[in-house]
Every structure is written in C-alpha cells, then in structure tokens.
Amino acid sequence: MQVKEYKPLIVAFCCNWCSYAGADLAGNNRLNYPADVKIIRVPCSCRVNPMFILRAFQRGADGVILCGCHPGDCHYTSGNYYTRRRMALLFSMLDYLGIERERTRVEWVSAAEGAKFAATMNDFAEKVAALGENKRLEDLRCKK
Amino acid sequence: MSSNKKNLQEELIRISGVNPRKCMRCGKCSGTCPAYDEMEYHPHQFVYMVETGDIEPLLESESLYKCLICFACVERCPRGVEPAKLVEAVRLAAIRKQGNNRLTANDIPALLDEDMPQQAIVSAFRKYTK
Amino acid sequence: MKFSYFPGCTLKNKAKILDVYARKCAEVLGAELEEIENWQCCGGVFTTAKDEVATKLSSVRILKEALRKETDLVTVCSACHNVVKQTNYAIQTDKEFAGKVNRYMAEDEYNGETKIYHYLELLRDVIGFDKVKEKVVNSLNGKKVAAYYGCLLLRPNSVMRMDDPENPSIIEDLIRAIGGEAIVYPARNECCGGYVRLESPELANKKSNNVFNSAMNAGAEVIVTACPLCKYNLEKSGCEIPVVYITELLADALGVKEDADEQ
Amino acid sequence: MQRIGVFVCWCGSNIAGTVDVEAVSEALKREPGVVFSTNYQYMCSQAGQDIIKDAIKEHRLTGIVVCSCSPRMHEATFRKTAAAAGLNPYMVEIANIREQCSWVHKEMPIGTEKAIILGKAAVAKVNLNTPLTPGESPVTKRALVIGGGIAGIQTALDIADAGFEVDIVEKKPTIGGKMAQLDKTFPTLDCAACILTPKMVDVAQHEKIRIFSYSEVSEVKGFVGNFDVTIKKNARYVKEDLCTGCGLCTEKCPMKKCANEFNLGMDTRRAIYIPFAQAVPKVATIDPDNCNMLKNGKCGVCAKVCTAGAIDYTQKDEYIEEKYGAIVVATGFNPISMDKFDEFAYNQSKDVITSLEFERLTNAAGPTAGKLLRPSDGKHPETIVFVQCVGSRCDACAEKGKEYCSKICCMYTAKHAMLTRDKYPDTDVYVFYIDVRTPGKNFDEFYRRAVEEYGVHYIKGMVGKVSPEGDKLIVQASDLLADKQLKIEADLVVLAAAIEPDKSARSLATMLTASMDTNDFFTEAHPKLRPVESPTAGVFLSGACQGPKDIPETVSQAGAAAAKVIGLLAKDKLVGNPCVAHSNEMMCNGCSSCERVCPYGAITYEAKEFRMPDRTTLVRRIAVVNPAVCQGCGCCTVVCPSGAMDLKGFANEQIMAEVDAICK
Amino acid sequence: MQKISRDILVEKAISMLENGDVCSVLGWRKGEFDYDITPAVFTDKDDIKNNFVWNDFCGANFSKYLVQKTRKAEGKILVFLKPCDTYSFNQLLTEHRFDREKVYAIGIPCEGMVDINKIKEITGDGISSIDCGDKITVNTIYGDKFDIDATNVLSERCINCKSKKHVAYDELIGDEGEVLESNRFDEVTKLEQMTPDERFAFWQNELSKCIRCNACRDICPACTCEKCVFDNPKSGVENKAAANSFEEKMFHIIRAFHVAGRCTDCGECSRVCPQHIPLHLLNRKFIKDIDGFYGEYQAGDEVGSRAPLVNYTTEDIEAADIFEGRDN
C-alpha cells in the first residue's frame, strides 16, 4: 500500500501593512517556506473574525496562523491590541475543548522581517505537520 | 577545498561555535591582543585561515600556546566572532592527536615552586593535555 | 542572608588567607557563607570548546548543590568565578550542552537556575558599599591602592555582567568605601599572563611587568586583586609593591584581620 | 453571476520559472464565473494591459483576477487598467503568485499547484465583489514639518515657495540642527554656517512659514489631508514676541557654569541663553534646571536687565491645536553614546572625543574659537588618531553598536584629517579604517587628496585599545597590511561614532502610525519607488530619520518630500479608500461596541425610524460610519455580534469564500 | 423557600397598575405544570391576583424581555429582578438595548431557585402538583408524596451564586444581600486539568447531544441581536441545524465568543437546555480567562463599563504565553 506523504494545509491571515509586506519581503529575498502555507490578505489583523479561523478548520485546514504588526506598530494604531485579546481568548477556548494548541498561532511580523516570516512559517508548518491531520475540528462533510 | 580540509574546518567550527564568516576583517582582535608579538599567526589570521581552510599551518604553530585566554578579542570584536574560541579549538585539534600532549605529568616537578597556586597546574593541564 | 560558598582548591591551600578573610568579613557584614560539601576543583580554566563536557561537570555539581540548598552561590577566586559562571551560562544558552551534562548527572535536571555572585558583587549588590563603609574601623587613610581586575573578572562581559568591562569601578568603589584612594591606571583590565606561566614564563613576566609598571607609574602603593594566580604571577614577575587580596584589605579595614589570622 | 476574466502573468521567468502559467490559466478557466482566462509575459506592460482591456470589452467582463506579483506592487496599476476599460476598479483582485509563490517555492509542480489555489481564492472573492466608489474628503492646505534641521528647513522652504503654509516644530530653542554645529562640509569644504544660516533666515522671514521652536508634537489624530495635531510649546520663560535677542540677559545671568549643549558640553553657557549667534528665532531661553529664580525663587537678574520686559518666570507649557493636510518627519540623527566602547577610553580621557566634538573644536564659534587644542590641557595636539566605524557595522550578537554602516563617517573623517594637515602641517594624522567608503560625486577624489596631497596616514586595521598614560594616549592597533601591532603615542583620539535616529522618533512613529525598522529608522513606502513617503498616507520622510545621509542627499530628499507634499496639498479633494466599514441598519443593535474599538471615531449613532410590518413605526439606535473618517481596519466588524458591521472589499462573505477556496 | 412572599409582590404590582405608575407588569405566570413557570406580561389586576407566581421555580431572567417589551409599551413597565437578573439588566443598558425611562425595576431577594431535574431524580416522572412551602411538597399521579428540602435540589447556578446584591433597581423589597465568594470556576478548573483527549471527549459527548433548538440563544440576555448571525445567509455561518459535531461546536464556540465579556453568568443557557448540556462552562471559561488575563471583570456590574473585548492595554498577555505554566 502506498502511503501518500502527508502535507498539512495552513491558512495564514496577514495584515496588509506589516505581515503581508513581510511575506513579500521573504519572497524578494527568496526565503523558502512550505507551499502548504496559503496567505489571505486582510487590512489589519483585527479584521480576522474568529469565525474565519473556525471556518478554515471546518473546511479542513490543519493549522491557522494570524500575523500582524508588532504591538505598538499597528497601522491603525490599536487594531492588533484587540487581536491579541481576541486570539488569546479564542486559543484558550480551543484548548479547553481539547484542540491541539499548536494548530493556532499569532505572530507579529513587521514589513522588514522577511526572514522572520519565513522562519515562522517553517516552524509553524513543521509543528502542524507533526500533529498530523486535523481530525478534531474538521468537517467531514466538506472534506473530499 | 579538499574534503580533509573541509572536515577539519567543519570540526573546528562545530567545537568552537564560531562562525568565521561573520568576520569583516577589521583586525580589532589583533589590535587588542596582548600576546600579539609572541604569535606567528595572529587572532585575525586564525579566523581568516579557518575560513579559507588553510588550517595545517595553524596546527603546527607555536602561536597556539601563546594565547593568554584573556578574552580581550572576544570582548572587543564588533562582529561577535570570538577569535579566542577558535584558537582554543585549533589547539584542541592539535593536542587531541595521539601523543601530542604539550605537557606531561613528568614535566611538572621541574616547573613547580612553593608559592605556585594549584590552579596554575590544573589549568595548564586543562589547556595543554588531553 | 544565607549563601552557598565555593572557595576552590587554591583557597584551601596557597591562598588560604583569601578564604579566611572572606569568611570573616562576610560574618561581620551579616552574610552567612555556607561551604558547599564535598566540592571538587572547578577545573582552573573554562574550556570554550562545545564538545568538552566532562571537564565542566565539577562546576555543574557546585551549581546543582547550591540549587538544592535553594541559595545563591558566592565565589571569591576570580578564576573559579569565571569557570563556574561560564559553565552556568553554557547550560542556560546551549541546549545541546545542557542535555549532555544532564545525561552525565544522575539526579534531577539542572538548567542553569543558580544565581552566582562574585564576592565583590555580594559586597556591592547585596550588602552595599554604604554598609561596608559603616563597618570600617581601620580606614585605609588615603592609601593609594590600585585595583587589578585582570581578565577573568570582567570578560566575556556577555557572561560575567559584573561591571563595564572596559572602564570598571567595582573594586575602586570598594577601595573608596574602606578609606583608600583608588588609583585608576590603564592596564587594570589587561591580562597578567597567568595561564601561560608554566608554558611561557617570559611572556607571563612581560605581561605582568606591563601591569604593575602601569600601576606604579600611576602612583600606586599597593595592588589589590581577587585572583591567586594574578597575585602569584605579579609577585613572581618582580612586582616591587605589595600585591594583596581584596579580602585582606577589607579584613584590615573592618578590624577583623587579627581574629582571622588566629584561625 | 459575475463574468470573470483571469490573467496570469509570467513576469518573464520570475513566475514562469517555477509556475506552469499555462496550467494555471487552464485550471482557472473551470472556476465558477470565469468566462475567459489567458496568460502573458508581462501583464503590467502596455501590451499586457491592452490584453486585459480588450478582454473586458470583448467578453463583457464584470470582474477580473490578475495572477501576478504582490498587490502591493501592481494592484493600483491593474485597477487603473480596469477603469480605463470601463470596469469598476474594485472588481479587480490580485493573486500573489510571485512574492508568495514562485519566489519562495523551488519546484514547478508545487508552485503551480499553489498558484492555482491562490487563483481560485481570488476568483472566489471576485465572485462576491461589488463595485465600490470612493468617497471624497477635503484637504487642509497646510503642512507640518517635524524637525528644524537642514532636512526640515529645506522641505519647509520648498513647500512654502509653492504657496502653501508650513509650520516647523523644532524641539530645540533654535532651528538649524546638526548642520549648524558643523564647521566645513565635504567634499567642497564650504563653511556649513555660510550655506545654512541664509536658509535659516529665509525660513524666519517667509510669510508662509511659522516656527514652533522649543516645541514638540504631542498628539496626532485624523488622516491624510485632515490631520489634527497638538503641539506642545515648552515654557521658555521668555516672551518670544517681546525678546529682541539683544543677549544682554545671557551676559548678566550669574549662573555661569551650565554645560553648553551646542558645544557638546565642552564649554559653558548661562542659565539664560541663546544657543548661537545666528539662532532662529533669536530669542533667549531659560534652562529651568539651572535657573536659580525658577528653582529657588531667588535672582531675577535677567528680568531686571531686560529692557523689552520679555522675561516671564510664570510661563507655562502651552498646547496648540492645528490642522494639517500633510506631515513631514525630519527628526534627524544623533551620534550614539560611547559608553559601551570604553576600550577607546572616551569616558576615561577628555582627549578622546567624537567627530562631532571635533567639529566644534575646529569651529570658529566653538569652545576654542577654532583653534585645535586638546580639551584636557589646551595644548596643541601633535599626533592625532582618527578611529573609523566606532559602533557601526557591529553584529547584533556583539550587544553593542549598530548593524548598519553610518555612511557619512568616511567622508567627514577624510575632511577632518585633511583640514588638520592643511592648517597644522606639523601634526601627524592617522586614520584607522576597515574600508574607506566613498561612493559619491567627487568623494573618492576628495579622500585621495587627503592621502596624496595632505599626507594623512591611512592604516587598514582597527584600534584595539586606547590607554591614557600620563598626558599621552597610547593607541594600540593593528596594521593589517604590514601585519604588525602598532602602539602610537597620540595627543588626541577622534572617534567616528555611529549615528542613530533621534530618540524622539519612536514615540512620534507611534503617534503617526508610521512604521519603523528595527533600528528605529522610519520605513519608506517602497525602498526604491517611494523613498520619501511613509506607508501611512500623508506622512512623508525627509533626511536622516529614514537612514544615514549626508547633506547633499538630505537636501535632495527634503526637496523630494516637499514635492510630494505640494502634490497632495494642490488637490482640493482627496479620493478616499472605498474599502470602509458599513453598518446594515436592519441588523444593527446599536450596542456601541463598534464605536468603542474604532481608532478614528468614525462611528456615531442615530435614532432611526423603522416602518414595521404592522404599519407601526419603531425608533431604534443604529450605528452610522463616516466613510471619510473610516480607514478600513475592520476592527468594528469583529466586535459586532450580529454581523451588521461589515467591511467593503474585505467582507465576511468574501474572506470566507477565500478560506473555502483555499481549503477545498 | 423564598423569604419574600408572593402577596407582597402581587399587592405592589396591583397598586402600581391601579395608580397608573406603570402600564404593565413583567412577572412569572403558572404554566402547564406547577414547575413550568413562564414569563408573562400582566396588564389586568385580576390576572395578577390569580396567575402571578413567585416561588422556588421562578428562575426566568426578565431583563431580555425588556428589549422588545419597552419598544411597544406606551407607559412604564414594572419588572421584578432577582439579584442575578440585575447584572443582565445593567449589561443591556450599557449596550443601549432598552430605554431605562420606560422601566420601573423592583429588586427582590432570592434564596436560590430549584432544579426540576434534581426533583425528578428523587420523585421520578409523573408529577401532578408541587407546593412550595417550607419544604417543597411534590405529589405524583401514582399517589406518591415527597417533602423535599429546597437546599438539596438547588440548581447548579444557585449553589454557586455569585451575588445576592442588586446592582440596579428603582425600589428594593426585602433585604439587600452581598456579592458572594463562589466556587463557580471549580468545574472549569477541573476541565482545564484534564488531558486534551479527556477534554475533547468530554465536549464531544456533551455537544453531540445538541439538537440546535436554539433555546440557549433565545433565552440568553446577551443574545438580543436584531438578527442572529446564524440566521443570516450572508454571514457565512448560517445554518439552521447542525450537520455534525463540528458544526455544533462551531455554533457554541461562536455563541460563547459573541457573549464573551458581556455574559453576566446568569446561567439561563444551561437552565433551558433540553439536553442538559452544561453550556455555562463555556461562558465561565471565558470569564475565568478574562479575569486571569486582564483583571477581574463582572459584566453588568456597572452601566457603561468597557467590556474586556472592546478594551486593551499595551501590556496584555500574548496569545503565545497563555499556556505558560500549564501542562498538556
């Protein structure tokens, strides 16, 4: 029997001003990270509704990472501070429900931190891959 | 670079934890070294020669036993290269070879005097003997 | 205030006075130094090679013992201090090394938890030089004292974190606290060449000469050090002014020197 | 149902090298709503844009997806293309298959697979896009320049000359900045004061320019075209409008021993002072830390001697609120502290100085009236050692100094060395260098003259230690080319200290929501194409706050920033970002959560009358977003439990469609 | 046994109606069974005299009803509020959900409400009548009679009552109580201490019982949205019934998240759940985390207070650090 190599599916929400630009910089500098990471651009990390994260899991994502400007550097002054609260509470709740902690992450990546972006994605992808498929939160109905 | 040289280079980098590629060739280590005049190869040359793989001359050199381990080069290097650690790694590579101990127990009595603190002997053994 | 105390082998032998005065002064200043039991030599010099593990284990034992007793660790000898502190730092920062060390050790894991004070730091940061000053009974009366740091106390600063490695003041402040005049001279943080004393005595002589000449040119009457190897090396190289330990000077100022001598 | 066109760009081999563009356009053809799909070598080229325009017309496209480089690069380009073909520009979505795909993945199958998925996500989003029309907001036709050095001065003059009002906020009592402290300037050796002070006078006399000296920006609100700024005018205890700058008070003040910061503490001034003769505004300032009257209520000499009655010991800090359309940051630089480099004995000997101190020592208005004398004993130094790269080019793990090259040191050191040899041919001058970096017009020629004509000893190597021995400084250094360790007996050592952004920049960046790099230099919107704009609309960068710069570069950037400001202020209205929040009044609860998190105060509430199905009316509290004020962060959308608040262009539905497309 | 007698409340309600101080009264009405008490609007004094109930089964929290009722009311509404109801009352005021001027609130003390399920465990099914005196007397159709001590069958939320103090009222009847030290987070802590597998199993078991009847949402005083996201086709999460256990989870996580920082921990969700899912444990988890991460906060304690999720400090804990010091 042939075992297909398991590739995790990772959704990365990146704020337009810092992290998305950081991801672009990683590209400019040709810093590799797994293609399993797919980026969705949002204006600010505070645009990310917990519903989006749950939706991604429901549709089969194995990990969701949210990247924004460093605290204090938000393009919109304070958006990432709200993000920080929301995600701390959401992640704590997911843990409470028995979902693996390593499947969710918040990371602050500035527009100048292309290397950090790539390193973060490599590390996150590695941790998520080690967990294997997201059985606990996925919606079988939607998974082909 | 031959594979022997390459292996030796990698070994030294691994033992010392020093990345010689960080060196920007400013020479501050050699500007600062208190044993400079006694050395055939100077701290910046240790870094450069390990980087280029030209290590044999270093292994043979008396300079290995002139370093005072005073860490002045480590302290002042603007690039965080830590040349003293590389000197130490080369010295270890030299004395770890069979029969290459610099100092033997037989040498000691002649060197002793009654005021000499124990640490002088212990540390000399640490530095020059495996 | 209770501390674990590591004297080291030289202090049990050739440098007994450094140890005896250190204990006596600590007692007067209200710090209890409890000697680590069954300690071994620190190794005399820290080997920077990452693959040298066995040679660093004796230092780890000292650190572990202090942790077990839930006390901070105090050292006096500059060389011991440097070796123990560098070992601790290696454990804190190099996970691979820490792993190897812990595999050698039978008991609980050690991850660099112990806080280490050099005796000088104990005086400055715990007791306070003000307090020291209050306890002075025999002031040095303006004696011109040159502090000799050498290399081990201050470097590498990323590990030692005792003082400004290029322009230190901890010993000078102590000298002033006990009534001396601190002589600041350029070679005070230069190496005496102690570690090459056996291998290249000429080089050691040259370096030591540089140090005490610099101190004497600046008008020093006495050189003070915390390192038995420095003291020996300066004396052996023909230093014309006395070289004394910091604790000796301190014991004298605190008026406990004679008590200690009796011991 | 949308009619979507997909355009896959090869970007030469940048994309096509790792992504099978043909396969991508084929795969996306099968996506719902897609009626046309193609690929082309350079979509951003004129020919590429024409393909898009033609396809929009020919296939009656209602939305397009461009699979290309980052939207940060060409989103605007393709929106314009769409608009030119009659399509609403907000019906364009970009799939970033270059920076976030072809450039970070090496294997073709992987790159292609990912590009297809990113394309599908973009198609899914466009399917839910709606045409958006940006709102308009008025422009306040006045600019604020923060910092009154040469950068701020030049920017302010250029803007004012174009006919717009400009305010300069300078935290020191006078404008002029670092350039006012310099003696000569490289490579032409003009006297700094001779070329700067006329500009300072121009600023003072310009009817369109106001100077807030001894002031700082304390709060910034609003957005491009409509900034509300609070300026804190520190109490200088002298009425600016009455003070004539006669200087009598500065001569009579009995507090003589105050360190003179203009001369970097190398001499003293009085507690009431005018920093230098050509200060603008030429108004005295009382230093409250040293004034006996302010500290103890005793003295009052300055008030007695002032015939203009300008002294006011009761003066308080004053807060002024102003409106601006654009803000220029020109906060400049400072040399770093030498505390962590005491192997050079800066804190141990008065005769070890920084290059900026050397400027003052050689300046006719400096502490030695321009004579090169040692600070310790006033003797003429016979041997001078210059040390380059002190604190520049340091590795981060060395725990001290800066990682970057400070750029200006090689040239000013050549200048110092040359001028010293010129004026005092009897001196021996050594320059220790790692590299000599002289990329600039007439720069290398200048450095060569220092060596060849003036006989400056350039030694490749670094100084390890400086030891003060007697009245000499023993400089121990390596001469790498001679393979020697040198010991030079010097009389004066000059350190080329690294430069860093002014400390005030960090808090200012936070106020402006402008981003900074890890060194606290302001980040430009694009390092090559938008070098004088910050990523925050309406905030521009001038001078060394953006990175180390010499005077010619600073002045050109200052002019460039001014041109950008003029371009902005010349508009009567600004077209806003249509991707703003919008509340669905039928679903809004009026709970105020959105208002509480809005950083711009863009949300207000009104009581709205609703006709109910039973023909009664109901008045409910509902949120209303001011689209001109909203910046589109979307924070409000997440705190809205009913989902009444949504963000145009990044709607809940759209983002979830992207999630679904990626996770399919 | 409630300390305040029904008669006092009835008398008060009737007199206020008669004087025209209020136009209607929000109170408890007897339902099909004695234990099945429903909220009701009374406008007639005889109706009050006959059907108004006040006993150990009056758990319903009226605050939420004010949102709709005040919109239609011509005059003032009289509402009776137990201590825990007053927190919801304030929270709704903070969110501008009703007009305070249209309400006359009377605070009444509460000795805790009983859980009918706990009674049924003792009596079995077939309850024919219940009489709340010193003891709760239960008769069954099988002729059995039980005398039950109310303290033995208190509902979970009343065992862990957080406050006997009213934070809002126009008039107080009876004695004022105090904010209590409760052990309401014990169960949350117990869950936290389980392994992730155990937690997952616990919640999968609980949440898979959900029939998506929406009772929890409909009763919740924090769920007063004009239109719920789960009913809105454009929200992306609309679904009327759960397809599988994840969707149930998603519904409950989102619901808990929407009320996080606003939930006063009144416990109505668990009270009304026909499947007896301990939904309050989700809300309490958020409350416990909020208290731990950002400092103690009680929703509804004060009108106008800033809920934790519409607030921040620059020093807040990072999401990456929330598990520090916690294993598994």
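**Ground rules.** This is a predicted model, where local features need pLDDT of at least 70, side-chain atom pairs count only at pLDDT 80 or more, and totals for chains, interfaces and linings use all residues. Residues are numbered from 1 along each chain as its sequence is written, while chains are lettered from A and ligands numbered from 1 in the order in which they are written.

**Confidence.** I looked up the scores for the complex and found an ipTM of 0.68 and a pTM of 0.73.

**Chain C against chain D.** I found five residues of chain C in contact (C-beta atoms, placed from the backbone, within 7 Å) with eight residues of chain D. The chain C side has one nonpolar, two polar and two charged residues. Here Asp, Glu, Lys and Arg count as charged, Ala, Val, Leu, Ile, Met, Phe, Trp, Tyr, Cys and Pro as nonpolar, and the others, Gly among them, as polar.

**Chain B.** An automatic or database domain assignment gives domain 1 (3-97) and domain 2 (103-130). Their C-alpha centres lie 24 Å apart.

**Helix α6 of chain B.** Helices here are DSSP runs (H or I, at least four residues), numbered from the N terminus. I see that 11 of the 13 residues of α6(B) are buried (20 or more other C-beta atoms within 10 Å of their own, C-beta atoms being placed from the backbone). Among them are P83(B), L86(B) and R91(B). The cover includes α1 (3-16) and α3 (43-52) of chain B.

Key:
Contact = placed C-beta atoms within 7 Å. Buried ≥ 20, exposed ≤ 12 C-beta atoms within 10 Å, placed from the backbone. Helix = DSSP H or I, 4+ residues; strand = E, 2+ residues; numbered from the N terminus.
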